[in-house]
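Visitor: I would like to know what stands behind the words used for this structure. Please show it to me.

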Amino acid sequence: MSTPTVEKEPASKVDLASSGQGATAVQQFDITLKVRRYDPERSEDAWWDEWNLTMFGTDRVLDALHKVKWEVDGTLTFRRSCAHGICGSDAMRINGRNRLACKTLLKDLDTSKPITVEAIKGLPVEKDLIVDMEPFFQSYREIMPFMINSSPAPTAERVQSPEERQRFDDTTKCILCAACTSSCPVFWTDGQYFGPAAIVNAHRFIFDSRDDAGDMRLEILNDKEGVWRCRTTFNCTEACPRGIEVTKAIQEVKTAILTRSL
Amino acid sequence: MTAANSEAVLPAKGIEAPRSGRIDPKYLRSNPSSGSFEMVAWVFMRVSGAALVVLIFVHLFTNLLVGEGIHQIDFAFVAGKWANPVWQFWDLTMLWLAMLHGTNGMRTIINDYAEKDSTRLWLKSILYLATTVIIILGTLVIFTFEPCLVDDAGNLMDYAPAFCENIAN
């Protein structure tokens with residue numbers, strides 16, 4: 001009995017360059033991470049901590065924070081869930097700009113200077129980089145972020161043309177990370193303004209052809225703390241990690257309120 | 001013994017949102033505003049801004065570029081302009097629009113930068129008072145302006161501009 005000769009599989013079917021040096025080939029550099037700390041059990045005042053770390057070119061700000069928390073100082077506190085730019089948990093102020101720590105590569109920042117990381121502004125800080133998001137979600141709830149349609153549900157889906165879907169496509173991308181609202185100087189003052197995120201999510205339903213409550217949402221945003229407090233500084237558009245044209249969406253809601261009143 | 005269950009009652013304001021009780025009160029909007037004042041103010045800023053561009057540049061053009069240019073401006077020049085109802089109306093519109101436009105701009109700046117309601121109230125009171133005084137004064141000047149003042153005897157005052165002599169004769 002003879003076994004058929006099977007040709008031995010190569011270790012890899014992909015042609016790898018023999019000169020590869022594995023992980024060492026990744027660019028490596030030293031950074032100074034400067035984090036604004038706050039711990040009400042320790043002190044009333046916030047303070048800055050600095051750490052010198054050796055990081056790789058593939059690392060993000062979140063990896064640097066992990067390195068500190070796991071290897072240097074376990075008391076460093078921050079939120080992160082998916083760590084891949086979808087959950088919106090780790091919005092923070094990196095070098096003065098609101099960014100997701102999991103989407104900001106260290107090599108894209110100026111590593112010759114300390115990289116500053118702070119909690120997002122305008123919301124009460126609970127500890128280190130964690131803020132109380134409840135005021136933010138309160139505004140979000142007020143604009144009724146769910147589809148309202150009083151007509152009986154059809155047996156299949158509610159039909160919508162590609163053009164009708166395209167109308168609000170941009171604002172469906174929001175992940176509620178609060179980077180926009182907490183970058184808005186009007187929100188910083190007293191936290192009364194609805195904020196860009198709530199308006200973006202209202203826009204998502206106002207311009208949805210299947211939704212019937214657009215008028216109610218426009219009425220809510222016609223409040224003195226609504227869209228008219230927008231000063232079009234574009235901080236929100238600059239901050240959005242999903243690339244939503246936030247200021248444009250706010251402007252469209254303004255126009256909708258105006259045309260409805262005329 | 002059978003005790004009937006009390007009828008289930010929904011809370012008057014509906015079911016509370018999750019964790020709604022623990023929001024820092026400073027973030028809660030006290031009462032939703034009714035009316036569209038902010039929208040009207042927003043539209044007014046855009047309309048008056050566009051109108052002011054025309055009003056101001058025509059004003060600058062007629063005052064500074066036409067005729068003898070900047071050298072023509074004196075008491076008599078202003079008096080001559082205000083003898084014409086068109087310029088009276090023009091300057092009145094410019095005064096009112098500029099004052100209201102500027103006041104509304106200051107109002108939004110105060111709203112944006114003042115953190116306490118009491119600070120807001122004070123700053124806005126001063127602002128509205130100043131605006132009222134200037135608008136009333138300006139309007140009075142435009143309509144009651146009399147360049148050729150005479151004394152009790154009917155003679156022109158010494159400081160009356162030269163063209164008053166021609167009118168008197």
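Visitor: Which residue of S4(A) does Ile94(A) stand opposite?

Guide: Ile94(A) stands opposite Arg97(A) in S4(A). This is a predicted model, in which local features need pLDDT of at least 70 and side-chain atom pairs count only at pLDDT 80 or more, while totals for chains, interfaces and linings use all residues. Residues are numbered from 1 along each chain as its sequence is written, and chains are lettered from A and ligands numbered from 1 in the order in which they are written.

Visitor: What makes S3(A) and S4(A) a pair of strands?

Guide: Strands (E, at least two residues) and helices (H or I, at least four) are DSSP runs, numbered from the N terminus. Two strands pair if DSSP finds at least two bridges between them. Strand S3 (residues 91–94) of chain A has four bridges to S4(A), so the two count as paired, and they run antiparallel. They form a hairpin with two residues between them. In that turn, Asn95(A) has a positive phi of about 50°.

Visitor: How do you know that S3(A) also pairs with S5(A)?

Guide: Two bridges join S3(A) to S5(A), so the pair meets the limit of at least two bridges. These strands run antiparallel, and Arg93(A) has Glu118(A) in S5(A) as its bridge partner.

Visitor: Which strands does S1(A) pair with, and how do they run?

Guide: Strand S1 (residues 28–37) of chain A runs antiparallel to strand S2 (residues 47–56) of chain A, with 10 bridges between them. Within that pair, Thr32(A) stands opposite Asn52(A) in S2(A). S1(A) also runs parallel to strand S5 (residues 115–118) of chain A, with three bridges. There, Leu33(A) has Ile115(A) of S5(A) as its bridge partner.

Visitor: Why is chain A called more spread out than a compact globule?

Guide: The radius of gyration is taken over C-alpha atoms, and the globule rule is 2.2 Å times the number of residues to the power 0.38. For 262 residues the rule gives 18 Å, but chain A has 24 Å, well over that value, so chain A is more spread out than a compact globule. Its C-alpha atoms fill a box of roughly 80 × 70 × 30 Å along the principal axes. Chain A has eight helices and seven strands.

Visitor: What are the domains of chain A, and how far apart do their C-alpha centres lie?

Guide: The bounds come from an automatic or database domain assignment. In chain A it gives domain 1 (28–131) and domain 2 (134–147 + 161–261). Their C-alpha centres lie 28 Å apart. Residues are in contact if their C-beta atoms, placed from the backbone, lie within 7 Å, and the contact takes 14 residues from each of domain 1 and domain 2 of chain A. On the domain 1 side, the largest share, four residues, comes from strand S4 (residues 97–100) of chain A.

Visitor: How many residues does each chain give to the contact between chains A and B?

Guide: Chain B gives 18 residues and chain A gives 19 residues. On the chain B side, the largest share, three residues, comes from H1(B).

Visitor: Where does UniProt place the "transmembrane region" feature in chain B?

Guide: The unreviewed UniProt entry places it at residues 39–62, 82–100 and 121–145 of chain B. Residues 39–62 of chain B are 100% helix and 0% strand in the model, with end C-alpha atoms 35 Å apart.

Note on methods. Contact = placed C-beta atoms within 7 Å. UniProt positions renumbered as here; feature names shortened; annotations may be inferred.
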